[in-house]
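Thanks, everyone. Please have a look at the structure first.

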Amino acid sequence: MQMCSVVHGTQIKQINPAFSGPRDMIGLEVSPESSLVDEPVKIQAWGLLPQQTITLRAWLEDEKGQIFSSRAFYRSDMEGKVNLESSPAIGGDFEGVYPMGLFWSLKPSIPFFRLIKRDVMGSPWYIHLELYPYQVISPLHEETPRVSKIIERWYVSPGVQRLHIRKGRVRGALFLPPGEGPFLGVVDMFGGIGGLTEFRSSLLASRGFAALALAYFAYEDLPKSLIHADLTYFEEAAQYLQSHPKVSAAGVGVIGICKGAEMALAMACYLPQVRATVCINGTNAVNVNSLGYGDLLLNGIPYQAEAGLVTDIGALKISKAFGDPRTPEHQDSILPLEKARGPILFLVGDNDQIYDSLFFAKEALARAQKYGKKDVYMQCYPGAGHLIEPPGSPFCPVSQYPFLPLPLMWGGELLPHCRAQEDSWREIQDFLRRNIPHSPRNKL
């Protein structure tokens, strides 16, 4: 609809904010339209009125049929353009200049769902980007976008191989980059949900590492729960990876998050194959389950269920439920990191609501100093929560947990947490490349 007024005898058109010219004049460009999830994309719009407020929306459907979406409002410049590399969001799910903000802030339509890619080889995330030439306050399903694009976000690059592993007791998936190698080998582990999680391993392989996504309970014929961890299982996994003909023979790296970080630290302390270790939001001691290795037995520090708190959104916060390893009765549960044959990097979010991971990392650094081990490092990310994952993983502060009746608080704040994911992904790759020895394979 158009309205007219007269100023100094001249007829001036006042244009309804919802109108911005012919449909085919408005453009939306996303570049590249197919990429790995850890790669940035450029989003631009044009053909708008000067200083026009628009809504950009992103959404995808996960493998279980759940919808995740985000939206942000932008104001075009005097040329009728919006460029997310320079144009600030003025509202919606975030504010400020964040070119990847629409991806960071994807959230579930049903509360407490977490976005996890399970089938990394079969298909990408198909992310729909939509432009509305006005500020959309009502539910977006009631509106029709003026222009839209569908882009692909992959967890694996072309040529990467996935091998399903059932070798001896070892269960998991090995991801190999294209080529003959030998590649730097990395054992990759996730936390207390068990099963097999592959998306970090597939991305590591896409960046040139031979990555073994290792399951250690609640998968195939492995124990259904982690009551006792047998370190010889993890040793068998490290030996398998190191002996693979496409993997450097001089040693492997290990990366883990949560309980996986604890297992990674244990491997570093006792296994000669481990030459570089990354612990993301873990502890410096064995917790809950016991850990055995030959004649060695470390009892886990008991979990204090009464110390868990229920938040005002009905989620469980358990960061105070893990015991203090400094107390005399728990000294024998501390992992002797001074025995590690290579460097250790602790990555922690200071808003972790699962562990007090900053405290545990500081305790680890103090022990390293006490015993003269100089290659233990910590990177702390203010405002980051527990789930520090590769870039492209949307911020997830709370979600359902398979073994608890209430959702679990992971912690963190949107923008600092997602910045931490981008920074830590670079740190992880640089650390592993610097510290895993590279040696050629002898050819017969």
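The second largest cavity is lined by Val37, Leu60, Phe103, Leu106, Leu115, Trp125, Ile127, Arg153, Gly392 and Pro394. Keep in mind that this is a predicted model. The volume of this second largest cavity is about 60 Å³. Sorted by class, its lining has eight nonpolar residues, one polar and one charged. Arg153 and Gly392 are both on the lining list, and by class Arg counts as charged and Gly as polar.

How many cavities of 30 Å³ or more are there? The count is five.

Now the largest cavity, which holds about 80 Å³ of space. Its lining consists of Asp188, Met189, Phe190, Gly191, Gly194, Gly195, Thr197, Leu214, Ala215, Tyr216 and Phe217. Which strands supply at least two residues each of that lining? They are strand 16, residues 185-189, and strand 17, residues 210-215. By class, the lining of the largest cavity has six nonpolar, four polar and one charged residues.

On to the helices. The axes of helix 3, residues 231-243, and helix 4, residues 259-270, come within 10 Å of each other and cross at roughly 75 degrees. Angles of 65 to 115 degrees count as roughly perpendicular, so helix 3 is roughly perpendicular to helix 4.

What meets what in this contact? From helix 3 there are Leu231, Phe234 and Ala238, and they meet Met263, Ala266, Met267 and Tyr270 of helix 4. The residues of this contact divide into seven nonpolar, no polar and no charged.

That's it from me. Happy to take questions.

Notes: Residues are numbered from 1 along each chain as its sequence is written. This is a predicted model: local features need pLDDT of at least 70, side-chain atom pairs count only at pLDDT 80 or more; totals for chains, interfaces and linings use all residues. Side-chain values use heavy atoms; hydrogens and water are left out. On a 1 Å grid over the protein atoms alone, a cavity is a set of points where a 1.4 Å probe fits but cannot get out, and a pocket is an open set with protein on both sides within 12 Å along at least five of seven lines; lining residues have an atom within 4 Å of a point. Grid points are joined across faces, edges and corners, and a volume is the space filled by probe spheres set on the points. Helices (H or I, at least four residues) and strands (E, at least two) are DSSP runs, numbered from the N terminus. Axes are lines fitted to C-alpha atoms, for helices over the stretch in contact, and angles run from 0 to 180 degrees between N-to-C directions. Angles under 35 degrees count as roughly parallel, over 145 as roughly antiparallel, 65 to 115 as roughly perpendicular and the rest as oblique. Contact means heavy atoms within 4.5 Å.
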